[in-house]
Protein chains: 2
Amino acid sequence: MPATNPLQRFKEDAEKRGGPLAANVYAEACPSRALLALVADKWTLLIMPALRRGPMRNGDLMRLIEGVSQKMLTQTLRTLESNGLVRRIDYLEVPPRVEYELTDLGRSLADAIRKLDSWVEAHIAEVEEAREEFEKRERINNR
Amino acid sequence: MPATNPLQRFKEDAEKRGGPLAANVYAEACPSRALLALVADKWTLLIMPALRRGPMRNGDLMRLIEGVSQKMLTQTLRTLESNGLVRRIDYLEVPPRVEYELTDLGRSLADAIRKLDSWVEAHIAEVEEAREEFEKRERINNR
DNA sequence: CCGTATCCTGAATGATACTG
DNA sequence: CAGTATCATTCAGGATACGG
């Protein structure tokens, strides 16, 4: 009787290939797929590169990352911390002082993310041109 | 009277720096922020690197990218096309044959994305370890 | 200063059925 | 084969108020 659930299929496939359960984002059940979702999160994409500048406080991040709410900032940082990408340092002072910094693992990810951010900043103009051309063609086709 | 809306502030800031409205993903109103959201989309992150292998048909992509629905596949491809990242080639045959391939612009992005995917696949094990350690610490703190 | 707790809404997406 | 159309659902995330 063949396995039907994705995770089981994934493991069987990996074994068939003889390999050590190689991670594969294209496999729905592979844990790396879920991690990709976290990594690609809207705020993660801004927070991680921001921390490359060095340790930052909650307020620093709020000011730097326009539009982020306190809720989403804390939530995202907590998730990143629980995945070993960010370290939270609470100085246990009054008034509170808390710093966030990248772990070694986090730094290597942050570098990859920064490349993506840079690509976007560098090519936004080309994309905007492409959009206009696309719209032109659209209008021609619709008459 | 000072400008209060984000886009206006963004433009003014850019002019103050004397620069040619440099793109900045940290600015809420900068168009690059929206592009980043598109680029970081769950399915974009899988489709773009997939197309690095060469032109692919709808069915090919459906089979390769486990879990994607026909709806989301088409929708994402259309968006990518309208942003100049993917080219859609309809051979106007019966039965239908349509291919998708990267534009030059798209290819440069796909390379950056593939690095992110690779990072995830390469480091998922470390992340899972970190998760366990985090949970341990959590349990200790909560008693 | 740095959060947590709640409520609430719309936008994203999966399921399903149909079409050229 | 390669879509489109429609409906139902969920849940991410914004607003707001409160707390150590």
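**Close-up views of a predicted two-chain model**

**View 1. The lining of the largest cavity has four nonpolar residues, no polar ones and two charged ones.** Ala, Val, Leu, Ile, Met, Phe, Trp, Tyr, Cys and Pro count as nonpolar; Asp, Glu, Lys and Arg count as charged; the others, Gly among them, count as polar. The model is predicted: local features need pLDDT of at least 70, side-chain atom pairs count only at pLDDT 80 or more, and totals for chains, interfaces and linings use all residues. Residues are numbered from 1 along each chain as its sequence is written, chains are lettered from A and ligands numbered from 1 in the order in which they are written, and side-chain values use heavy atoms, with hydrogens and water left out.

The lining residues are A:K42, A:L45, B:R33, B:L36, B:A37 and B:A40. Helix α2 (residues 31–39) of chain B gives the largest share, three residues. The cavity holds about 40 Å³ of space. A search of the whole structure finds one cavity of 30 Å³ or more. A cavity is a set of points, on a 1 Å grid over the protein atoms alone, where a 1.4 Å probe fits but cannot get out; lining residues have an atom within 4 Å of a point. Grid points are joined across faces, edges and corners, and the volume is the space filled by probe spheres set on the points. Helices (H or I, at least four residues) and strands (E, at least two) are DSSP runs, numbered from the N terminus.

**View 2. Chain A carries an open sheet of three strands in the order β1-β3-β2, with antiparallel pairing.** Strands β1 and β2 of chain A stand at the edges, each with a single partner strand, so one side of each has no neighbour in the sheet. Helix α5 (residues 70–82) of chain A packs on the sheet and touches β2 and β3 of chain A. The direction of this helix makes about 110 degrees with that of β2(A). Contact means heavy atoms within 4.5 Å. Axes are lines fitted to C-alpha atoms, for helices over the stretch in contact, and angles run from 0 to 180 degrees between N-to-C directions.

**View 3. Strand β3 (residues 98–102) of chain A is mostly covered, with four of its five residues buried.** Buried means under 20% relative accessible area, exposed over 50%, and partly exposed in between (1.4 Å probe, protein chains only). Strand β1 (residues 56–57) of chain A pairs with β3(A) over two bridges. Here A:R57 stands opposite A:E99. Strand β2 (residues 86–90) of chain A pairs with β3(A) over five bridges. A:R88 faces A:Y100, and A:R87 has A:E101 as its bridge partner. Strands pair if DSSP finds at least two bridges between them.

**View 4. Chain B has an open antiparallel sheet of three strands, ordered β1-β3-β2.** Its edge strands are β1 (56–57) and β2 (86–90), each pairing on one side only. Helix α5 (residues 70–82) of chain B packs on this sheet, touching β2 and β3 of chain B. β1(B) and β3(B) (residues 98–102) are joined by two bridges. B:M56 has B:Y100 as its bridge partner.

**View 5. B:E81 sits in helix α5 of chain B.** This residue is buried, with a relative accessible area of 15%. B:E81 touches A:F134, B:V86 and B:R88, not counting residues up to four places away in sequence.

Note on methods: On a 1 Å grid over the protein atoms alone, a cavity is a set of points where a 1.4 Å probe fits but cannot get out, and a pocket is an open set with protein on both sides within 12 Å along at least five of seven lines; lining residues have an atom within 4 Å of a point.
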